[in-house]
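Me: Could you walk me through this one, starting with how the chains touch each other?

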Amino acid sequence: MTASTDVPSKRTPLYDLHLELGAKMVPFAGYDMPVNYPAGIMAEHRHTRERASLFDVSHMGQIRLTAKGGGNAADALETLVPGEIRELAPGQMRYTLFTNEAGGILDDLMVTNSGDHLFLVVNAAHKEADAAHLRAHLAERCEIEELTTRALLALQGPAAAEVLGRFAPQCRTMPFMSASFLVLDGMTALVSRSGYTGEDGFEISVAAKDVEPLARRLLAEPEVEPAGLGARDSLRLEAGLCLHGQDIDETTTPIEAGLAWTIGKRRRAEGGFPGAETILRQLREGASRRRVGIRPEERAPARAHTEIRDETGRRIGEVTSGGFGPTVGGPIAMGYVEKEFSAEGTTLRLAVRGREMPARVVRLPFVPTNYYRG
Amino acid sequence: MSKERYTEEHEWVRAENDICTVGISVYAQEQLGDVVYVELPEVGRQLQKGKEMAVVESVKAASEVYAPVSGEVVEVNGALTGDPATVNRDAMGEGWFVKIRMSNPAELDQLMDADAYKTYVEGLS
């Protein structure tokens, strides 16, 4: 056994429920989390695309940002992200990025306009650093509150709206990327129509004390099965969604990552976010490398850090996420390549276990998304 | 008379004279989860006991399978290419990986028998 620092893993409020359901637990971002339940990753993945799966994502960070004095939280947050936050109507949410001075990505997050405050959901691995980042820059303008007594569930799949609609009928017709305070089975929740799977679905923020009864109640619905982080990863990869720390990080700009769409028109003109000079220059001139979808043409998966080569064997990039897509029925990957190789259909070679395997650049997502369009 | 043995890396070996069949144990396939790909050695390859012989991949990760004995690969289970899930369904039977002509059958005596392996696995949980 390797030496440990003897820091015990943290647990979400659903830890006991996971064990009761027979989950295989693994350490993730300092937490003991379920990677899968007895059904297994493939079955959990497929069930999400066919019906509805319930995920515990309580390890993620939930932060409330409230303006002090007569200020405006959106204005304050815009000094740290390239997104148009001012334009969010109450109840509207958006995906955005914390950037750094070099134009790299410190974390990706969801921001919701909750009326008198902004509600942020950040990655578990970065939540302390993100709170510190907010404090370092915004403490004078905003109260920054880490909502450590709240838990987070994700209910994802084509049946999610039908299921949640039994508790709160508004869920059926809530627009994609909107959020409302609703009462589910007697428990107040902030419900947003969003997710990380490419399917229709909801993320549900509730008090930690309510999450187990709510989870049990949802699992009791005939369409709903539990799913773990293994399926969460294969689902998001098929949806072409980035995982911070793998596909995006401090060394990747939003332009290289194919996330230029997160930078609104006004922000492109005005700047005013960290790394704006580099990022806006890349917007004008193009970036020298690009994130692409990759389909290995044989059966072997190509995992993160696999070298990507051109047909002469020269290194042209690296895989950042790779595995097997249960819905695709074969290996899939994402990675960065020199921009000359980023066009759909370009032939690539992947260096796997001393052999070069053929692959090609494909469009993302690998599986068509099913976001609610009303 | 056929002998069944196990390694600490959860490979099983069934030997009949100088030919043995090798696969991974039920415990191993449970730990791996759904198998999505198996890479087998070429027929004719010379294997060394304890060195890498094959790769088995689940959705999440690749794992190495080691040669439990030294010898030459005489047959590989081509069915695993089209249906890797066979390893999960029938690890001890249809999910076999390779057949080896052993160069040193005495190596089998260094491996665990079924009871010893059972105890070993219980100790891991």
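Reply: Two residues are in contact if their C-beta atoms, placed from the backbone, lie within 7 Å. One caution: this is a predicted model, where local features need pLDDT of at least 70, side-chain atom pairs count only at pLDDT 80 or more, and totals for chains, interfaces and linings use all residues. Residues are numbered from 1 along each chain as its sequence is written, while chains are lettered from A and ligands numbered from 1 in the order in which they are written.

Me: How many residues does each chain bring to the contact between chain A and chain B?

Reply: Both chains take part, and the model scores ipTM 0.89 and pTM 0.95. The contact takes 14 residues from chain A and 10 residues from chain B.

Me: Which elements of chain A each supply at least two residues of the side that touches chain B?

Reply: Helices (H or I, at least four residues) and strands (E, at least two) are DSSP runs, numbered from the N terminus. By class, that side of chain A has 6 nonpolar, 5 polar and 3 charged residues; Ala, Val, Leu, Ile, Met, Phe, Trp, Tyr, Cys and Pro count as nonpolar, Asp, Glu, Lys and Arg as charged, and the others, Gly among them, as polar. The elements are helix H2 (41-50), helix H8 (229-238) and strand E16 (315-325).

Me: Which elements give two or more residues to the side of domain 1 of chain A that touches domain 2?

Reply: Domain bounds come from an automatic or database domain assignment, which here gives domain 1 (1-239) and domain 2 (260-362). Their C-alpha centres lie 27 Å apart, and the contact takes 23 residues from domain 1 and 19 residues from domain 2. The elements on the domain 1 side are H2, strand E5 (93-99) and H8.

Me: Which residues touch the most other members of the largest nonpolar core?

Reply: A nonpolar core is a set of buried Ala, Val, Leu, Ile, Met, Phe, Trp, Tyr and Cys residues joined through C-beta atoms within 7 Å. Buried means that 20 or more other C-beta atoms lie within 10 Å of a residue's own, with C-beta atoms placed from the backbone. Of the 126 residues in the core, the ones touching the most other members are Leu65(A), Leu77(A), Leu120(A), Leu153(A) and Leu155(A).

Me: What percentage of chain A counts as buried?

Reply: Chain A has 10 helices and 19 strands. Of its 374 residues, the buried share is 50%.

Notes
A residue is buried if 20 or more other C-beta atoms lie within 10 Å of its own, exposed if 12 or fewer, and partly exposed in between; C-beta atoms are placed from the backbone.
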